[in-house]
Amino acid sequence: MKRLRLGVLASGGGSNLQSIIDRSLDGSLQADVVVVISNNSGAGALKRAVNHGIEALHISGVTEGSAEAADWKITEEMKSRKVDLVVLAGYMKKIGDILLGAYQGRMVNIHPALLPKFGGDGMYGMNVHKAVVAAGEKESGPTVHIVDSQYDHGCILAQINIPVQPDDTPETLQKKVLEKEHIIYPETIKKLAEEWQE
Ligand code: GRF
């Protein structure tokens, strides 16, 4: 079975990246992370990559001089490593048109709520969980979706529903959803890897 080559974009701690690396290493995911790119030189995700001997690159509008130049550079780094699937794992920058064009239908994101609810501009990090709790939702959970030109908009590939308890706070909910993210993201990539064998 051909192993899928993954290029991960991440801005933060990288716990989702770690869950993908772990499944890759234990043999349950037929895919390898071949490069991790971050706009943030201090990202925990870059450290995790280095710890596993994975190439870690810092590329941003600042390092390249403009957002367009960064978009071009990121696309080149992905293409030159023959990346099959671009995986967004807590990436806080808007995806540029060049990367989107090069990886149409081959880029995925994970969002910490049940899209199409609680997505879109400004809906990231703790904002999402605050909004879910404030709306009195009975359920929440992660969504994995294909990335298109609109925030949190592309085709939904997988979701896990978990109950929101009356005593849940944004913080407790974040923790519960994140635990499920670590299951659903590698599982969804595994399904894509299997489908793409055909
Ligand atoms: C996750 O909650 C994910 O849903 C969102 O960003 C967060 C990233 O967390 N897109 P981590 O860096 O993977 O720990």
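Predicted model: local features only at pLDDT ≥ 70, side-chain atom pairs only at ≥ 80, totals over all residues.
Q: What makes V36 and L9 a pair separated in sequence, and how far apart are they in space?
A: V36 and L9 stand 27 residues apart in sequence, while their C-alpha atoms are 5.9 Å apart in space.

Q: Which residues does V36 touch, not counting those up to four places away in sequence?
A: V36 touches V8, L17, A45, L46, A49, I54, E55, A56 and L57, where contact requires heavy atoms within 4.5 Å.

Q: Which residues have the most contacts inside the largest nonpolar core?
A: In this core of 29 residues, those with the most contacts are L6, V33, V36, V87 and Y185. At least two residues of the core are supplied by each of β1, α1, β2, α2, β4, β5, β7 and α7, and the largest share, five residues, comes from α7. A second, separate core has 19 residues, including V35, I37, I95 and L99.

Q: Why does H129 count as buried?
A: H129 has 2% relative accessibility, and because buried means under 20%, H129 falls in that class. H129 lies in helix α6, which spans residues 126–134.

Q: What is H129 in contact with, leaving aside its neighbours within four places in sequence?
A: H129 is in contact with P112, P170, L173, Q174 and V177.

Conventions: Residues numbered from 1 in each chain as written. Heavy atoms only, no water. Core = buried A, V, L, I, M, F, W, Y, C linked by side-chain atoms within 4.5 Å. Buried < 20%, exposed > 50% of the residue type's maximum accessible area, 1.4 Å probe, protein only. Helix = DSSP H or I, 4+ residues; strand = E, 2+ residues; numbered from the N terminus.
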